[in-house]
Amino acid sequence: MDTRAFANRAWLFVVPVMIVVLFSSLTPMMTVVNYSFQDTMGQNNFFWNGVGWFQNLLDPTTAVGQRFQGSLLRNLLFSAVVLAIEVPLGIAVSLCIPKSGWRVGAALVLIALPLLIPYNVVGVIWQLFSRTDIGLLGVGLTAAGVPFNVTQDAASAWFVIIVMDVWHWTSMLALLCYAGLKAIPDAYYQAARIDGANRWSVFRNIELPKLRKVLVIGMLLRFMGSFMIYTEPFTVTGGGPGEATSFLSIDLVKMALGQVDLGNAAAYSLVYNLITLTVCWVFFTYTTHADQKDAA
Amino acid sequence: MADITLDGIGHAYGGAPRSEADYALKPIHHVWESGKAYALLGPSGCGKTTLLNIISGLVIPSHGRLLFGDRDVTRLPTEQRNIAQVFQFPVIYDTMTVAENLAFPLKNRGMARPQIEKRVGEIAAMLDLVPDLGRRARGLTADAKQKISLGRGLVRSDVSAVLFDEPLTVIDPALKWELRSKLKAVHRALDLLMIYVTHDQVEALTFADKVVVMNDGRAVQIGTPTELFERPEHTFVGYFIGSPGMNLLRGEVSGAEARVDGHVLPLGAAYPNLAGGASVKLGIRPDYATLTQGEGLPVTVTRIDDLGRKLLAHVSLGGAGAQSLVASVPRGMGVDLGPARLRLDPAKTHVYHDERRVEGRSLTAGRAA
Amino acid sequence: MSLVLDAVGLKRGDEVIIADASLDLQPGTMNVLLGPTLSGKTTLMRLMAGLDRPTSGRIVEDGRDVTGLGVKARSVAMVYQQFVNYPTLSVYDNIASPLRVQGLAKAEIEARVARAAKLMRLEPMLKRTPAQLSGGQQQRTALARALVKQAKLVLLDEPLANLDYKLREELREELPRIFAETGAILVYATTEPGEALLLRGRTATLHEGRITQVGPTAAVYRDPANRDAARVFSDPPLNELAVTVAGGTATLADGRGFPAEGPLAGLPDGACTLGFRADAARVATQGGGLGDGLPPSGPSFPGAVSVTEISGSESFVHVVTDAGLGTVVCLVEGVHAFEPGDRVAVELDLGAAFAFGPDGRRIAARGGRAVATGPGLRQPVPA
């Protein structure tokens with residue numbers, strides 16, 4: 001219910017924040033928009049290029065288009081794989097967390113540890129871990145006769161990056177699900193015992209439906225995280241071998257800062273941004289729609 | 001189907017009680033007969049929920065034994081007790097339809113499909129859920145959801161008991177009427193032992209064949225609604241049953257007379273066991289204390305409550321520090337603040353010593369002699 | 001301070017939330033808003049408080065138009081059905097919080113909190129936090145906070161609904177007295193007719209966002225102006241029978257005729273609805289009447305008991321009539337546990353019934369005023 005009073009001057013407090021936001025994000029953003037519609041021959045002389053950069057980017061027959069499409073598909077595959085592993089694993093872990101006693105705290109701290117490590121450090125850890133000369137994983141796999149080389153073999157690189165992401169982020173889903181599970185009243189479990197339900201039935205008919213909202217949020221966060229991933233794979237593989245692990249962010253940075261291809265990079269980042277916003281919007285409308293259906 | 005026997009069941013949280021006060025539930029002996037409806041009635045913290053939890057298996061009592069028929073179930077887990085329970089708030093399985101929700105306890109016990117459908121149909125018909133059977137349970141109103149919970153509690157015909165834990169809390173006041181009646185009818189139709197926990201006297205008195213009135217961890221009286229109204233065995237029952245509750249007046253009793261604030265009141269029985277002039281309380285319900293235009297105690301009306309269908313007068317027995325009581329005003333009689341006459345029905349006036357009712361000796365025998 | 005609502009309305013889109021509500025609230029009075037859930041009681045209170053802005057009409061405070069003035073600019077205290085307290089503050093600090101906002105001196109705050117705590121019998125609990133209190137104590141804390149503020153308008157939105165009924169009985173008696181001393185306008189929303197009657201004062205009945213009747217509480221109960229007001233003010237629900245009046249005879253839907261007396265006397269020929277509360281319907285068993293022994297003044301019909309609801313000192317017997325007239329709820333004094341299926345006859349006391357026209361309005365013979373007989377009330381009950 002609306003609880004606003006009409007004589008409300010609270011918006012005045014928001015003004016400083018809005019000014020900061022204007023300078024810190026809107027101005028650079030407009031610069032990018034500016035670049036995406038113009039071309040330059042250097043010397044800071046710009047001329048109108050219309051939607052040329054965008055046509056270039058979205059046409060898979062051009063070199064830039066091909067690059068973009070490749071990175072996009074790679075990135076989508078990466079997000080799909082990571083979600084497919086982390087969501088069920090997160091739920092499974094959350095179900096194993098003790099419900100009471102000192103072990104709750106111990107388990108939660110242990111599970112939260114990976115979340116506390118800075119992204120680039122995570123990358124360094126796994127880069128070292130998978131090296132075939134000094135890394136435990138690399139040395140171990142090689143000794144076991146498994147062909148494994150992150151810098152040469154695309155499958156190895158993907159394997160390490162996926163395992164790294166699962167290691168880094170499953171904890172977040174597990175903690176979210178744990179909070180969701182804790183919110184289920186005891187009466188549900190007691191009713192299920194009285195109704196003679198088995199463990200699977202309790203999970204399928206009580207726990208999973210009650211986790212639905214938490215899972216939607218968790219999946220959204222993980223999709224965004226994996227879709228915009230940069231630091232960790234860049235530290236481990238640098239986008240290689242070849243283009244094998246060049247995800248959108250990595251590719252974009254290469255294009256903008258490595259090759260100073262400003263027009264293409266500007267169009268690239270705007271389209272990238274648009275995709276993220278669209279996914280956000282779809283998630284948002286889906287969840288609010290589902291809520292309304294519940295309330296009806 | 002069997003009786004439930006409470007054989008000295010008592011509970012003290014944390015184990016060994018040192019005094020009576022340490023008991024959350026003081027030891028109780030009672031047999032609940034199969035097919036009957038019982039209510040546990042009392043204010044919050046009176047121990048009724050502890051007793052319910054002992055029966056459902058959530059709490060293992062520190063004292064006594066719980067028998068379902070001849071079987072000692074004191075330490076058995078909930079799922080081996082063969083009971084059904086309806087909770088305060090609706091517990092439904094979100095992803096299932098109404099019909100699937102109702103069928104769930106039967107399906108889990110491997111009942112054959114045609115039998116399940118028949119039973120679900122019967123229960124749904126009793127609770128007016130038939131039009132909703134195919135709908136998903138999640139989208140329904142709180143009332144409908146609670147009806148599903150009720151239905152799931154009632155769907156098994158082989159349970160030892162169905163427990164209700166304040167099941168009408170979330171129901172809209174306008175619909176409580178309907179559901180209370182429904183539950184009563186369902187009990188008559190299903191012939192199950194039902195135990196209903198509530199702090200609401202209307203729910204308890206309407207639903208139950210026998211009501212267990214609880215206060216401070218103790219079952220103070222177990223009786224039919226009529227007994228609780230006409231012959232409260234404890235002052236708490238007199239106070240708790242009835243709106244307003246029973247009038248309690250401090251006084252002295254000798255023989256078949258009571259002395260209250262200087263007035264002499266005749267009693268319906270003689271109390272030779274109470275020593276002459278014993279300090280007791282007299283209990284009389286407002287329904288049996290009536291203002292009258294004829295002979296009666298001189299009193300002063302200090303306040304009049306208009307309940308619409310009747311008037312209640314608050315009267316003072318006169319004088320400073322005198323006690324006051326609530327009396328009813330007969331239909332058609334006018335009433336004003338100020339002096340009035342009060343008639344107390346001697347046969348309906350009870351004597352309480354140490355908060356417990358004292359049984360008097362009938363006067364008719366004495367008169368005949 | 002007086003508060004006048006002048007044809008206040010609230011619309012959201014095309015939906016009418018409150019329709020043309022007009023009320024005149026005087027200082028030191030108890031004003032009851034009686035209506036079922038979602039009938040607009042809370043919304044009306046929010047409009048009075050200045051929490052919502054009406055889309056039409058005016059709100060006038062002491063002759064000053066305050067329509068659209070926010071709650072901060074008004075002197076309002078509100079208590080809700082849910083126990084709303086600051087969870088981390090002690091009871092003392094909870095009660096003192098509105099005074100601290102007003103910036104009163106410490107000694108003044110202490111004195112006022114002490115007085116409110118005494119009236120609400122919270123003195124032993126002042127150091128506790130709300131979580132350590134029972135429901136009744138929590139709500140008394142919220143009430144003390146409203147009291148201490150000395151607001152000119154006190155809005156109580158079903159304040160006792162979440163309490164045990166014994167606690168409700170006690171607080172219902174104390175509340176009007178405690179707040180009356182402050183001279184504030186008291187507005188009390190409730191769904192229960194019995195509560196409205198015990199609160200006395202004036203009552204406005206609400207039905208779907210519309211005020212259906214306003215007047216002294218007992219008068220509205222005895223003399224409902226229309227069917228909606230009568231329904232809202234009946235618990236158990238109002239019994240209703242469709243009758244046709246022709247030439248001094250009333251005919252029920254089953255064809256049974258009886259002399260058109262009581263509210264039906266002198267009515268022009270046509271269809272109307274006979275409405276009566278449970279206390280106007282007596283139950284007679286084969287062993288004799290259970291009513292007050294008076295001869296029936298209206299029709300009687302046989303039926304079977306479907307259920308008996310027992311409220312402690314009264315029994316409401318639901319009787320399914322044989323003639324297919326539906327279920328009639330009858331009142332029997334005392335506790336009488338009729339069994340479902342018991343055969344009884346319902347005797348209707350026409351003198352205590354109302355007649356409503358097809359449009360739902362109360363109707364009476366020309367020249368005669370429709371007044372139902374109450375239980376021997378010589379004059380208005382002193383407040």
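Over residues 3–233 of chain C, the chain is 36% helix and 27% strand, and the end C-alpha atoms lie 25 Å apart. Helices (H or I, at least four residues) and strands (E, at least two) are DSSP runs here, numbered from the N terminus. In an unreviewed entry, UniProt lists residues 3–233 of chain C as "domain: ABC transporter"; UniProt positions are in the numbering used here, feature names are shortened, and annotations may be inferred rather than shown by experiment.

Some ground rules. This is a predicted model, in which local features need pLDDT of at least 70 and side-chain atom pairs count only at pLDDT 80 or more, while totals for chains, interfaces and linings use all residues. Residues are numbered from 1 along each chain as its sequence is written, chains are lettered from A and ligands numbered from 1 in the order in which they are written, and side-chain values use heavy atoms, with hydrogens and water left out.

I will stay with chain C. It is divided into domain 1, 3–232, and domain 2, 239–356, with bounds from an automatic or database domain assignment. The centres of the two domains, taken over C-alpha atoms, are 37 Å apart. Seven residues of domain 1 of chain C are in contact with six of domain 2 of chain C, contact meaning heavy atoms within 4.5 Å. The two domains bury about 610 Å² between them, 51% of it from carbon and sulfur atoms. Buried area is the accessible area (1.4 Å probe) that two parts lose on being put together, summed over both.

What does the rule find across this domain interface in the way of salt bridges? One salt bridge, where the term means a side-chain nitrogen of Lys or Arg within 4 Å of a carboxyl oxygen of Asp or Glu. R231(C) forms a salt bridge with E240(C), and their closest N and O atoms are 2.7 Å apart. On the domain 1 side that touches domain 2 of chain C, α7 (217–222) and α8 (227–232) of chain C each supply at least two residues. The largest share of that side, three residues, comes from α8(C).

Next, chains B and C. The contact takes 42 residues from chain B and 43 residues from chain C, and the two chains bury about 4,000 Å², 50% of it on carbon and sulfur atoms. The count between them is eight salt bridges. E314(C) forms a salt bridge with R309(B), the closest N and O atoms being 3.2 Å apart. Elements of chain B that give two or more residues to the side touching chain C include α5 (173–190), β17 (297–306) and β18 (311–316). With six residues, α5(B) gives the most to that side.

Last, chains B and A. Here 24 residues of chain B are in contact with 19 residues of chain A. The buried area is about 1,900 Å², with 50% on carbon and sulfur atoms. In chain B, F87(B), Y93(B) and R138(B) lose the most area to chain A, together 27% of what that side buries. The rule finds three salt bridges across the interface of chain B and chain A. E79(B) forms a salt bridge with R193(A), the closest N and O atoms being 2.9 Å apart. On the side of chain B that touches chain A, β6 (83–86) and α2 (98–108) of chain B are the elements that give two or more residues.
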